[in-house]
Each structure stands twice: as C-alpha cells, then as structure tokens.
2 protein chains.
Amino acid sequence: MKPYVEMTKEELQELRKELSAQYKEFQGRDLKLDMSRGKPSAEQLDISMGMMDVLSSSDDLTCDDGTDCRNYGVLDGIKEAKELLADMMEVAPDHIIIYGNSSLNVMYDTVSRSMTHGVMGSTPWCKLDKVKFLCPVPGYDRHFSITEYFGIEMINVPMTPTGPDMDLVEQLVAADDSIKGIWCVPKYSNPQGISYSDETVRRFARLKPAASDFRIYWDNAYTIHHLYDNEQDHLIEILAECKRAGNPDMVYKFASTSKVSFPGSGIAAIAASENNLTDIMKQLKIQTIGHDKVNQLRHVRFFGDIHGMVEHMRKHADIMRPKFEAVIETLEKELGGLQIGEWTCPKGGYFISFDSLDGCAKTIVAKCKKAGLVMTGAGATYPYGKDPYDNNIRIAPSYPTLPDLKQAMELFALCVKIVSIDHILSEIA
Amino acid sequence: MKPYVEMTKEELQELRKELSAQYKEFQGRDLKLDMSRGKPSAEQLDISMGMMDVLSSSDDLTCDDGTDCRNYGVLDGIKEAKELLADMMEVAPDHIIIYGNSSLNVMYDTVSRSMTHGVMGSTPWCKLDKVKFLCPVPGYDRHFSITEYFGIEMINVPMTPTGPDMDLVEQLVAADDSIKGIWCVPKYSNPQGISYSDETVRRFARLKPAASDFRIYWDNAYTIHHLYDNEQDHLIEILAECKRAGNPDMVYKFASTSKVSFPGSGIAAIAASENNLTDIMKQLKIQTIGHDKVNQLRHVRFFGDIHGMVEHMRKHADIMRPKFEAVIETLEKELGGLQIGEWTCPKGGYFISFDSLDGCAKTIVAKCKKAGLVMTGAGATYPYGKDPYDNNIRIAPSYPTLPDLKQAMELFALCVKIVSIDHILSEIA
C-alpha cells in the first residue's frame with residue numbers, strides 16, 4: 001500500500017468515502033465490544049476453576065507448621081504461600097510479605113504510608129512542600145492515579161525499546177531530592193510490552209538518588225505472563241542487583257496472582273530488603289491482624305509449586321497468544337506500509353501499544369466508541385490523562401473472544417485510517 | 001467468705017502460705033494456656049467448614065445481575081453480599097460498601113484517608129497541629145493502636161454501665177474542634193460486654209461537635225454475637241438515629257463476618273450516609289479495582305440470608321455460652337465476697353472485664369504468665385497501654401477448650417488472691 005502522506009488530496013478524499021461506507025456498515029452491526037481493560041477472558045478464568053475444589057470441608061486447613069489457616073494471625077503470610085510467591089517473584093521467601101487480593105492496593109498503601117510516616121524514618125511526605133515521582137510514559141494509568149491522588153507531581157520520562165530513558169532518570173533523581181519514586185512495569189510493560197534490558201536494570205540498581213527515601217516501585221505484574229515457550233524475556237532480578245550495587249533498600253517489588261488465578265481473588269505480595277520489610281511491618285501490624293490465609297492455602301494446594309504455576313501459565317498463553325497474533329496480523333494487514341501508525345509486538349503481558357499520527361488518538365478512540373468498540377481512553381497512558389502528542393492508544397486483546405477481537409481490530413484499523421486521512425487533509429487545507 | 005480487707009495481718013499471711021502452695025502446684029502442671037486474644041476456638045471454626053463446599057468447579061460463580069465474580073470489578077461489593085451484610089448491620093444495602101477480610105483494616109484506612117485527604121472536603125488532618133480522639137475506657141487495644149500510630153492524641157472517657165460518660169463526651173466534642181472522632185464498640189463492648197442504652201445512642205446521634213469532620217467510629221463488631229436466645233441486647237440503629245437527629249453524616253459503622261465465618265477469611269463492610277460513601281469511593285477507586293468477590297459469593301451461598309446467619313450464630317453461642325458461664329461461675333465461687341475484684345456478666349460478645357484492686361492488674365497478669373497462662377497484657381484496654389488505675393484485665397474465654405478454661409480461671413483467681421493479699425499487706429506495713 002502507498003503511504004497516505006504520498007497520496008493526493010483527491011485520492012485521499014476518494015478513499016475517505018469508501019472507508020466511511022465501511023464504517024457505516026460497522027455501525028449497523030450494533031457491536032458491543034470492550035477492549036478497555038486488561039481483563040482476562042471467561043475462557044482464561046475457566047482454567048482456574050480447579051481452585052474451587054482444592055479445599056473442601058473434609059480437608060485439613062492446617063499449614064505444615066501447625067498454623068490453622070481458618071483463624072486469626074500470621075501477619076506476613078503462611079510459609080507455603082511465601083515460598084510459592086517467592087519463586088514466582090525470584091526472591092527468597094523471607095524477603096516477601098503476602099497481602100490480600102490486590103497488588104495495586106499494596107502500592108497504594110505503600111505511597112499512603114510514605115505520606116503519613118515517611119520511609120524508614122524519613123520525613124513524612126505530607127510534611128514536605130513538594131514530592132515528585134518519575135513516570136515512564138506511556139505507562140499504567142492506575143499507577144498515575146495513585147500519585148495524582150496524593151498530590152505528588154509526576155514527571156514524564158520517555159520509554160525507549162530498552163526501558164525508560166536512563167540518562168534522564170539518572171540525571172533527575174541525582175539532582176532533585178523531592179523525587180521520591182519511579183513507577184516501573186519492568187517486564188512486558190503496560191502498555192508497550194517492553195522488557196527492560198540488562199543495562200537498564202543495572203543502571204536502575206546503581207542510581208544515586210538525592211533523596212534517601214527514593215524508592216523504585218517495581219511492579220512486576222507480568223513476571224510469568226509469557227506468550228511463547230521459547231521466546232521469553234528475562235530480567236535481571238532487581239533486589240539482588242540493588243544489593244550487589246550497594247543499594248539494597250532502594251526498591252519495592254510488587255506482584256500478584258490476579259492474572260494467574262482469579263482477578264479479585266488472587267494473592268498479592270511485596271518483596272523488599274529486610275530494612276524495608278521491618279519498616280512496612282511496623283505499619284502492617286496496626287492495619288490488620290492478617291490477610292486471608294485460607295485463600296493463600298488454596299493457591300498453594302492448587303499450584304503445588306512454581307512448576308505447577310508455570311504449567312498453568314502455559315494454558316493462559318495458549319489463549320492469549322492467538323489474540324495477540326490476531327491483533328498484530330490485522331494491524332499489519334490493514335495498516336502496514338501506510339505510515340499512519342506504529343505498534344509493538346510483545347512476547348508477553350496484556351497489552352499492545354499503538355502510536356497513531358500525532359493529534360489523532362482521542363479522535364480514533366471516540367470514533368471506535370461510536371461504532372460500539374470501547375478502547376482504553378486516549379491519554380490514559382500518561383500522567384493526568386494528558387498525552388502531549390495525543391498519539392498513544394492501549395490495545396487490550398485479552399477480554400473479547402477471538403472472533404470479536406478480529407472484528408474489533410478491523411474496526412479499529414478502519415477508524416485509524418479515517419481519522420488519519422482527516423488529519424492529513426486538514427493539514428493540506 | 002470474709003472480705004480480705006477485714007482479715008488480720010496474721011490471717012492474710014497464713015492464707016498467703018496456703019495459696020502459694022497451690023500456685024506451686026499449678027506451676028508444676030506445665031500449663032500452656034492462651035487467653036490473650038478474642039480468637040474463636042477450633043470447635044467454632046469447624047461449624048463454618050461448609051463454607052469450603054458451597055463453591056466448586058461445577059458451580060456458576062455468576063451473580064444474579066450477571067457479574068462474573070471471578071473477574072475484575074465491582075468496587076463496592078456484589079449486590080447479594082451487600083444485602084446479606086446490610087441485614088446483619090441493620091441498614092439499607094445501598095448504604096454499605098463491602099471490603100476485604102478485615103474491618104480493622106477498613107478503620108485503619110478510614111483514619112489514614114482522613115489524615116491525607118480530610119473528611120468530605122475538610123482540611124487533611126496531617127495539615128493540622130493537633131488531632132484528638134475520644135477513647136471510652138476500658139476499650140479495644142487495636143483501636144487505640146491506630147490512633148496512636150497516626151500521632152492522634154487520645155483522651156480517656158470513662159465507660160458506665162450504659163455506655164461512655166455522655167456528659168463528658170458532649171462537653172468535649174462541643175468545646176474542641178481538634179476532636180475528630182470517638183472509638184465505640186456499642187454492643188457487647190470490648191472488654192466489658194456493655195451495650196449502649198437507648199439514651200446513650202440518642203445522645204450520640206445528637207452530638208454537636210465543634211469539628212464538622214468529627215465522626216463516630218461505631219465498630220459494631222458483635223452485632224449478632226449473642227450468648228442467649230431470649231436475653232439479647234438491642235441497640236437503636238445509629239445511622240437512622242443520626243439521620244432523624246439531623247446529623248446523617250456523623251457516623252461510620254463497621255462490621256465484619258470475622259467471628260461469624262472465619263477470622264481472616266471473612267468479609268468486612270462500612271455503612272454510612274450517601275455523602276460519606278461518595279467521599280470514601282473517591283479514594284477506594286484509587287486504592288483497588290475491587291475486593292474478593294468470590295469470597296463474597298461464598299458467604300452468600302453459605303448463609304443464604306440473615307436467617308441462615310442467625311441460625312449459624314446460635315451454634316457459636318452454644319459453644320461460647322458454657323465458657324462465659326464457666327468464667328463467671330469460677331470468679332463467683334473463688335472470689336465472691338472477698339472484695340478484691342469485680343467483673344462483668346455480658347450477654348454477648350467475646351470478653352469479660354475484670355477489675356482488680358487498684359495497682360494489682362500488671363502483677364496478676366505477670367503471675368498468671370509465670371504459671372503458663374497468657375492473659376491480655378494489663379493496660380492494653382487503655383490508650384498508650386496505660387491503665388491509670390492498673391486494675392483492668394480483659395478475660396477472653398473463647399479460645400481454650402472448656403476444661404482448659406476452667407483450669408485457667410482457677411489459676412487466674414488464685415493469682416488475684418495472692419497479689420491482692422500482697423497488696424493489702426504492703427499497705428498495712
């Protein structure tokens with residue numbers, strides 16, 4: 001196909017008519033497709049239904065160490081669950097705390113605690129005039145919502161194919177002691193599916209922040225969420241790397257089984273240095289008597305160990321892989337060579353990132369919506385919902401069925417074409 | 001029995017010898033009894049084991065409104081669970097939010113949110129020079145720990161047989177706008193088992209606090225935790241009463257099923273006015289995508305409705321009642337008429353409160369411990385762990401078996417006698 005920018009005004013206008021007719025046809029289908037969030041599909045949820053059978057009234061809900069999971073207590077999680085999640089998170093079991101059902105909640109609580117009580121003895125952030133976070137962009141909207149909610153100023157740091165622009169990160173954290181954190185999704189990032197390179201991780205571990213209470217918020221949400229068996233991204237483990245670099249306390253690592261077992265009914269965890277864990281436990285013991293140990297035990301009994309979990313993730317991959325491939329095939333087929341968009345081809349995670357021509361993302365998403373396809377709001381991948389280029393759109397292929405997804409992506413590509421033509425025509429005019 | 005104070009020095013010394021011999025005998029038994037916390041016994045946990053069977057892989061985990069409980073979403077709880085807990089909490093379903101496993105966590109988060117974001121638009125408490133809470137005493141140590149953790153000054157308000165001293169409460173909240181809350185366990189209070197009288201509840205609803213962001217923290221932990229079928233305390237419902245009194249926003253009501261189903265694996269909730277709920281939801285949507293809906297559904301399927309829950313609580317009562325009666329019988333038999341202690345006789349809840357002679361509680365608890373009986377730490381029922389009279393001891397009869405409990409209470413009474421004699425002798429000397 002000829003790139004749109006090389007087409008004449010007349011050619012574009014002609015094409016526009018043709019595409020409009022196609023769009024009208026789509027509107028006539030009365031579609032209701034939701035690709036707004038990284039929700040697993042019903043088919044994926046089905047593969048975890050065995051979770052409902054591993055604990056019955058005839059089972060003993062007691063841990064190896066004698067803990068009755070039904071009763072109060074055990075603030076940091078049962079030993080068996082710590083072992084399972086430690087393997088998933090590639091850390092030692094004594095470096096993690098098991099929480100409730102949501103790693104987002106753990107991250108929120110981590111920021112909230114820092115606001116009211118500081119970090120390992122530092123001044124509570126609410127007592128400071130200014131607190132800032134670095135935000136690799138595009139990134140995860142719910143991260144940005146937390147920092148925005150607490151009035152923390154967010155500074156955009158561009159993502160590169162190897163992770164955040166580390167020159168900029170190094171320079172900013174060294175120069176400004178009001179910068180207290182950085183949001184990272186280091187593996188199969190949200191939304192681009194980028195995994196940080198070895199050099200990026202090494203440079204993270206060797207940051208020299210001006211603030212002693214600066215922490216890397218390492219949200220390893222997709223740590224075992226590969227699409228392929230033989231092509232998997234591998235990251236240097238950040239806790240160990242920080243320790244080697246003499247910065248053992250500089251990172252909090254977060255993860256959960258939300259996209260392994262059931263979203264909303266999984267178990268979440270934080271991994272950190274002993275100093276950080278001691279600091280966290282001081283607060284946690286005030287906040288709760290303990291999290292849901294029966295659900296922890298349920299996970300342990302269902303997965304057995306990390307091998308069981310990896311086997312389970314293969315089943316997720318078998319469902320997700322065709323969807324990712326369908327998205328990329330459709331984009332390639334419909335938009336390849338047109339020079340009106342670029343997209344990523346991740347090897348795992350939950351998202352594909354699409355960059356339209358500058359200034360077109362909002363209009364594309366709105367146009368999709370008018371034909372019954374809900375995409376993640378344009379701008380959502382940037383702090384304050386403000387994409388300075390208005391070009392980034394997050395594609396979440398997991399929730400729709402494969403036939404629905406193919407239809408949705410055809411509609412999406414169609415909207416990209418129409419909006420791009422309008423944009424090019426308006427620039428010619 | 002003759003009151004100890006009427007005995008001669010010689011009589012007391014003689015008795016002391018006898019009791020010491022008994023104490024030595026107890027020490028020889030190598031006891032390991034724990035009455036420190038309000039933990040349900042294994043027998044109580046067993047009656048909820050049916051919870052493990054109500055959801056299996058062949059069940060549909062879908063709500064009536066089509067919500068798939070396995071997936072993300074539904075921030076305020078599934079409709080069925082709201083109905084169940086609304087009935088338990090005696091409010092309308094649209095006035096509650098369902099949380100995770102711990103009402104303590106909900107209370108912590110409520111205070112934490114007020115610190116960072118204020119209450120319905122008020123100045124965040126962390127920006128104020130001074131924030132104070134009223135604490136009816138004796139009270140629940142974990143309440144006091146939350147306010148202490150946030151640097152909130154705690155003011156003791158004496159409990160009376162009808163609830164907190166309302167003259168004092170009214171006077172204090174009207175006079176001081178730095179008083180932002182009061183901790184209440186209004187029904188079968190911790191530790192005394194006192195239920196607030198109708199007049200007390202009415203006066204609560206008609207408080208005229210100087211601070212617009214003053215809230216009553218109404219922890220209705222034992223709302224359906226009766227010991228008897230025919231002798232049950234009944235409270236005026238506080239939300240409705242506040243509304244009638246023109247103070248609809250003045251109260252947060254908390255509850256959970258921790259001592260109904262499984263501690264640690266129950267579901268918790270807050271009930272409040274629409275204004276308060278709107279304020280809370282603004283924060284909650286940042287903190288999490290949703291709580292564990294599968295566990296909410298599990299509770300709904302197990303209990304069916306409030307009648308099922310009430311039936312279930314009868315089974316708890318059948319286990320708890322003999323324990324409460326054993327404690328009170330032993331105290332009556334061993335200490336009745338000696339004038340060295342007083343105790344409460346609650347009709348529900350988890351605790352009995354014991355008042356020793358002033359200045360004796362710590363020594364009694366320490367003496368119990370040396371013979372293998374762990375009681376709640378003396379002082380724990382007061383803010384900062386400081387009982388100004390050193391006389392209050394919380395008795396938690398739920399966890400031990402009945403034979404163990406009887407033994408424990410004999411040991412306890414023995415320690416009370418010995419320490420009281422020492423105290424009286426030291427005053428004679």
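Which residues does A:H143 touch, not counting residues up to four places away in sequence?

**Entry 1: ground rules.** I noted at the start that this is a predicted model, in which local features need pLDDT of at least 70, side-chain atom pairs count only at pLDDT 80 or more, and totals for chains, interfaces and linings use all residues. I also noted that residues are numbered from 1 along each chain as its sequence is written, that chains are lettered from A and ligands numbered from 1 in the order in which they are written, and that side-chain values use heavy atoms, with hydrogens and water left out.

**Entry 2: A:H143.** I looked up this residue and found it in helix α5 (residues 141–149) of chain A, where helices are DSSP runs of H or I with at least four residues, strands are runs of E with at least two, and both are numbered from the N terminus. Leaving aside residues up to four places away in sequence, A:H143 touches A:M107, A:W183, A:C184, A:V185 and A:D219, a contact being heavy atoms within 4.5 Å. Its relative accessibility is 1%, so A:H143 counts as buried; buried means under 20% relative accessible area, exposed over 50% and partly exposed in between, with a 1.4 Å probe and protein chains only.

**Entry 3: the cores.** I then turned to the nonpolar cores, each a set of buried Ala, Val, Leu, Ile, Met, Phe, Trp, Tyr and Cys residues joined through side-chain atoms within 4.5 Å. The largest one has 118 residues, and those with the most contacts inside it are A:F204, A:I216, A:W218, B:F204, B:I216 and B:W218. Apart from it lies another core, of 72 residues, which includes A:I146, B:L104, B:V119 and B:L284. Looking at A:W218 by itself, I listed its contacts beyond four places in sequence, among them A:C184, A:P186, A:Y196, A:F204 and A:F254.

**Entry 4: two copies.** I checked how the chains compare, and chain A can be laid on chain B with an RMSD of 0.0 Å by a turn of 180° and a shift of 0.0 Å along the axis, the superposition being by least squares on the C-alpha atoms of residues with pLDDT of at least 70 in both copies. The two copies are therefore related as by a two-fold rotation axis. The same surface serves both of them, since 100% of the contact residues of chain A recur in chain B.

**Entry 5: aromatic rings.** How many aromatic pairs are there over all chains? I found 36, with rings of Phe, Tyr and Trp (its six-membered ring) pairing if their centres lie within 6.5 Å, and with planes under 30 degrees apart counted as stacked, over 60 as edge-to-face and the rest as tilted. The rings of A:Y222 and A:Y350 have centres 5.9 Å apart and planes at 25°, so this pair is stacked. A:Y222 lies in the loop between β7 (215–219) and α8 (238–244) of chain A, and A:Y350 in the loop between β10 (341–343) and β11 (352–356) of chain A, so the pair ties together parts that are 128 residues apart in sequence. Both partners are buried, A:Y222 at 5% relative accessibility and A:Y350 with a relative accessible area of 3%. I also saw that the charged end of A:K259 sits over the ring of A:Y350, 5.2 Å from its centre; the rule asks for NZ of Lys or CZ of Arg within 6 Å of the ring centre and within 35 degrees of the ring normal.

**Entry 6: helix α3 of chain B.** Is this helix enclosed or exposed? Eight of the 11 residues of helix α3 (residues 79–89) of chain B are buried, so it is largely enclosed by the rest of the structure. Those buried residues include B:L84, B:L85 and B:M88, and the buried residues of the helix pack against β2 (96–98), β8 (251–256), β9 (268–271), α10 (293–303) and α11 (306–335) of chain B. Following the helix is B:E90, whose phi is positive, near 60°.

**Entry 7: B:I424.** B:I424 and B:Y4 are 420 residues apart in sequence, yet 8.1 Å apart in space, C-alpha to C-alpha. Beyond four places in sequence, B:I424 touches B:Y4, B:V5, B:L12, B:I340 and B:L357.
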